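Q: I have a protein model on my screen. Can you show me how to read its pockets?

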Amino acid sequence: MAQNSQKPVLTLMQGNEAVAAGALAAGCNYFAGYPITPSTEVAEILANELPKRGHTFIQMEDEIASIAAIIGASLAGAKSFTATSGPGFSLMQEGIGFAKITETPCVVVNVQRGGPSTGLPTSPAQGEIMQSRWGSHGDAPAIVLYPDSVKESYALTIRAFNLAEKYRTCVVLLLDEVLGHMREAITIPDASEIQIINRIKPTVPANWYKHYDENQKYLSPLASYGEGYRFHVTGLAHDAQGFPTNKPQEAGAMMERLQKKIVHNIRDLVQIESYKMEDANIAIFAAGIMARSAKAAVKMARAEGLKVGLLRPLTIWPFPDDAVRKMLKNVDYVVVPELNQGQFLHELRRLVKSTTDSKLIGLQRVNGTLITPTEILQKIKDVL
Amino acid sequence: MGKVSQRVVHDFLRHDKKFPHVWCSGCSNGTILGTIIRAIAEQNLDRNNITMVSGIGCSSRMPVYIDLNTLHSLHGRAIAFATGIKTFKPDMKVIVVTGDGDSTAIGGNHLIHAARRNIDMTVIVVNNNIYGMTGGQYSPTTPDDAKATTSPYGNFDRQFDICDLVIGAGATYVARSSAFHTMELQKMIVDAMNHKGFSIIDVISACPVIYGRMNKKGGPPEMMQAMRDNTVLNTATAKLPPEKLEGKTIRGVFKNVQCPEYCEQYAKVVEKIKETSDE
C-alpha cells in the first residue's frame with residue numbers, strides 16, 4: 001500500500017481505502033470491527049495490513065464488542081480504531097460514552113447510510129449529525145470530523161487519531177456512503193510530512209499517578225495497563241484517581257473537566273473552509289458530500305454573476321459557532337442543503353438572534369439520492 | 001495447594017482508598033475476592049502484569065478493591081473489553097469477574113464467542129441466581145419457582161447451566177465450585193489461570209439479603225451450609241446412589257483440554273506473513 005512509500009505518491013483511492021491508509025499512517029495498531037455496509041472495506045483492508053505490521057486485527061461478534069475491544073486495547077496502550085455504519089453506530093453509543101467518561105482515546109468511523117433502522121444500506125444520507133453529538137446518554141461533549149473528499153478522508157483520519165490521543169476521548173469521523181465508495185485522485189504525503197500526536201505519558205512514580213491529572217489546558221497524561229501504574233478505570237462518576245465517587249464536588253469536577261477540555265481548546269478543534277465568502281450575500285452551509293454539490297453550485301452561481309459563497313465545517317462538533325455567527329451577520333440568506341430532515345438547519349437556528357429571522361433556507365432530501373448543484377442553484381434563485 | 005498468610009489479602013487490597021466496600025453482610029463476594037487474591041498470591045505473579053476486568057453488578061465491584069490493573073466496564077461487556085486488552089497485550093494475565101446476569105443475559109453473546117475463540121483469559125462467574133444490584137430480579141440462573149421481584153408468583157423462566165453453555169461454545173477449562181469450598185476454588189483459579197485458553201469457573205454464591213430473604217433460605221450461615229449439603233463433587237457422583245444425587249448441584253472440573261489459543265494462532269499468522277515476505 002501507498003503509505004509505506006517514502007515519497008509522495010499520486011494514486012486512485014476510495015474514501016474507505018483512504019480512511020484505512022490514514023489510520024495506518026497515524027500509527028493505528030489495533031482494529032476491532034464487525035462487517036457492515038458501507039464501511040466494510042475499512043475492515044477488509046486492515047485485516048490485510050495490520051498483521052503484516054505485527055499489529056492486531058480482530059473481527060468481533062458485534063459492534064458492542066468492537067467498541068469495547070478498542071477501548072480495552074487503548075487502555076493497554078493501543079492506538080485503536082473501528083469502522084461502522086448507522087445500525088452499528090447506534091449499538092456503539094454506550095461504549096462511546098464509556099470512552100468519553102473514562103477519557104480513553106479511540107477513533108470511530110461512521111460511514112453514514114440511509115436510516116432509520118436498516119434504512120437504505122447502500123445509499124447516502126447525513127442522518128447522524130445529531131446522533132454523533134448527542135447519541136450516548138448523559139452530557140459529554142463530542143469531537144466529530146467530516147471530510148468532503150477522498151484526500152480529506154485520509155487527512156482527517158490522521159487528525160481524528162491525533163485529537164483522540166491529545167484530548168483522551170473518542171473521536172468520530174463521519175463519512176458519506178458515496179464518499180466511502182467514490183474513487184478520486186489522492187497524493188499520499190511522505191511520512192515525514194505527517195504530524196503525529198501521541199498521548200502524554202506519565203513521568204511520576206506509580207504511587208503519585210492520578211489517572212485524571214489535568215494541566216492548564218485540561219490535558220492529562222495517560223498510563224497503560226502493564227506499565228506499573230495499576231490504575232482503576234470505571235464508567236461510574238470518579239475522582240481524579242479514577243475511583244468511584246458519589247460526592248457532588250468530585251462528580252461535578254469530573255463533568256466540568258469533560259466540558260472544559262473541549263470548550264477551552266475550541267480553536268484547536270474547529271476547522272472550517274470558507275469558499276468565496278468575502279463578498280457573498282448568499283451563503284451555503286454544507287458538510288461532507290453535500291459541500292461538493294454546494295461548491296459546484298457556487299461556481300455556477302458566480303458564472304451567472306450571483307454573489308454566493310460556501311461555509312463548510314471540517315469539524316462539525318464542537319460546532320463552529322463564531323464562523324457561523326459571522327456568516328449570519330454578513331449575508332442575506334443561508335441555504336442549507338443536507339441529506340436529512342434539517343439537522344444542521346436546527347443547529348444554525350440556535351445561532352440566529354431572532355426567531356423571526358428568515359435568513360435560513362433549508363434544502364433537505366432523505367430518499368437515498370444526492371441534492372445536485374443545479375437544485376441548490378435553483379433554491380438560491382427561488383429566494384432571491 | 002499453597003498456603004498464603006492473611007497479610008497477603010491485606011497487601012492486595014486498596015485498603016487506604018476505597019473501603020468500606022459496598023457489599024451487604026453475609027454476601028459471598030468478599031470470600032470469593034479473598035480466594036482470588038490467595039490464588040494470585042500463591043503463584044508469585046507480577047501484579048503489573050495482571051488485569052482484572054468486570055462488568056456491572058455487585059460482584060463486578062470487585063476490581064475497585066484489588067491492587068491490580070483494573071477495569072470496571074459496561075454491563076455485560078467485561079469479556080469484550082478483556083478481549084481488547086488480551087489481543088493487544090497477549091502476555092497480560094486477564095481475569096474477568098462477572099455475575100450470572102452480567103455474563104449470561106446481557107453479556108451472553110460475548111461469553112460464547114470468547115469461549116469459541118478459546119482466548120486465554122479466566123472468567124470467574126459469581127453466580128448468586130439473582131440481580132442483586134438492582135434489588136432482586138430473576139436472572140438466567142434463577143431456579144424454578146424461586147421468588148424474585150420480577151417473578152412474584154415463582155420463576156418459570158428456564159435456567160442456563162453455565163458450565164454446559166460454555167462447554168457447548170468451546171471453552172477449554174470449565175469448572176464449578178462454591179463460596180463455601182474456598183480451598184477447592186483457590187486451586188481451580190490457579191489451574192484456570194495457568195490454563196492456556198478460555199477458562200471459566202461458575203462459583204455458587206450467596207445473596208442472603210435479597211435472594212435468601214425472598215426465598216426463605218435462612219441467613220448467611222444457612223446459605224453456606226446449603227452450598228456444602230446441596231452440592232456433590234463430580235468425582236464422587238459415580239459412587240453415590242441416584243437418590244443421593246437428586247436435587248444436588250455438581251461441582252468439579254468438567255472440562256480441561258488443550259486446543260489452539262486465539263492469540264497464539266494470531267501470532268502464528270503474523271509469523272507466517274513475515275516468512276513469506278522475507279522469501
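A: The general idea first: a water-sized probe rolled over the atoms shows where empty space is left. Here, the largest pocket holds about 800 Å³ of space. A pocket is an open set of points on a 1 Å grid over the protein atoms alone, where a 1.4 Å probe fits, with protein on both sides within 12 Å along at least five of seven lines. Its volume is the space filled by probe spheres set on the points.

Q: What should I know about the model and its numbering?

A: This is a predicted model, where local features need pLDDT of at least 70, side-chain atom pairs count only at pLDDT 80 or more, and totals for linings use all residues. Residues are numbered from 1 along each chain, chains are lettered from A, and side-chain values use heavy atoms.

Q: How many residues line the largest pocket?

A: Lining residues have an atom within 4 Å of a point. There are 30, and B:N129, B:T141, B:P143, B:I204 and B:T249 lie nearest the centre.

Q: Which element gives the largest share of that lining?

A: α9(B), with four residues. Helices are DSSP runs (H or I, at least four residues), numbered from the N terminus.

Q: What is the volume of the second largest pocket?

A: About 440 Å³. Its lining has 22 residues, with A:G97, A:F98, A:I101, A:H137 and A:G235 closest to the centre. α5(A) supplies the largest share, five residues.

Q: Which domains of chain A contribute to this lining?

A: Domain bounds come from an automatic or database assignment. Domain 1 (10-193) and domain 2 (206-267) of chain A each give at least three residues to the lining of the second largest pocket.

Terms used: Helix = DSSP H or I, 4+ residues; strand = E, 2+ residues; numbered from the N terminus.
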